[in-house]
Amino acid sequence: MRHFVDLCGKHELPLIVRIGPFCHGEVRNGGMPDWLFSYPFEVRSNDEGYLYYAKRLYREIARQLNGCFYQEGGPVIGVQLENEYMHAGAPMDAWGYTREKYITSGRDGREHLKMLRHIAEEVGMKPMFYTATAWGNAAVPDEGTLPMLAGYAYTPWIPNQPPSREYLFRDLHMNPVEEVDYDSLEYPAAYCELAGGMQVSYHARPVVDADSVEAMTIVKLANGSNLVGYYMYHGGPIR
């Protein structure tokens, strides 16, 4: 992780780090190790057993980020807590589970995100701001966290791929594309995921033309988006 952060600094790329513990990212178990599910606690909750391991993870991330925050001369401007909390889980791929079992989307709402932020700050992660993914009515803390939105040119997780609403002109502050758990008039319309494609999964083999991604981005800017972030530029499960 430190090598990647140093590369961003070398090339003058500001960085928002996603510290999990659940990162989703279309990776195995949403980024959680198999052994975590052998313990008698519920992941993505304020259960003391789960928070114990969350703190261990955050402590190691903080160690690798030491000296890398913007105010320290580094590239890290923000930290994202969790991902799609109270909105989405992920397929359970840990050994011994059936394919139809899913990791919970969470149970403790804003209080869990507040707890994760408290732990992150306690171990030394003090960025200029914190963020949380906010689409699909995902939980967003009452204050002090920047909600982030998403738009996909292709959505293979939705059966039969309905017509996209991402290309319709609208005022994103007055009328978000989907339901959100915060007052959209009080925050910038910040997009951290304008997706140029999707990994080959969900029984789909999408091919997304670059022009469709450009068009979606232009529409978002015209609709009042204050930040444009692509997921992802190159490589990874989405490209």
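I began at Gly124, which takes a positive phi of about 115° just after α3. I took helices (H or I, at least four residues) and strands (E, at least two) as DSSP runs, numbered from the N terminus. The model is predicted: local features need pLDDT of at least 70, side-chain atom pairs count only at pLDDT 80 or more, and totals for chains, interfaces and linings use all residues. Residues are numbered from 1 along each chain as its sequence is written, and side-chain values use heavy atoms, without hydrogens and water.

**Helix α3**

I then listed the buried residues (under 20% relative accessible area, 1.4 Å probe, protein chains only): Gly109, His112, Leu113, Leu116, Ile119 and Ala120. Down the axis of α3 they fall within an arc of 120°, taken from the directions from the helix axis to the C-beta atoms, so they line one face of the helix.

**Salt bridges**

I searched the whole structure for salt bridges (a side-chain nitrogen of Lys or Arg within 4 Å of a carboxyl oxygen of Asp or Glu) and found 14. Asp142 pairs with Arg110, the closest N and O atoms being 2.3 Å apart. This pair links Asp142, in the loop between β5 and β6 (145–152), to Arg110 in helix α3, 32 residues apart.

I also noted Lys220 with Glu166, whose closest N and O atoms are 2.5 Å apart; both residues are buried.

Terms used
Buried < 20%, exposed > 50% of the residue type's maximum accessible area, 1.4 Å probe, protein only.
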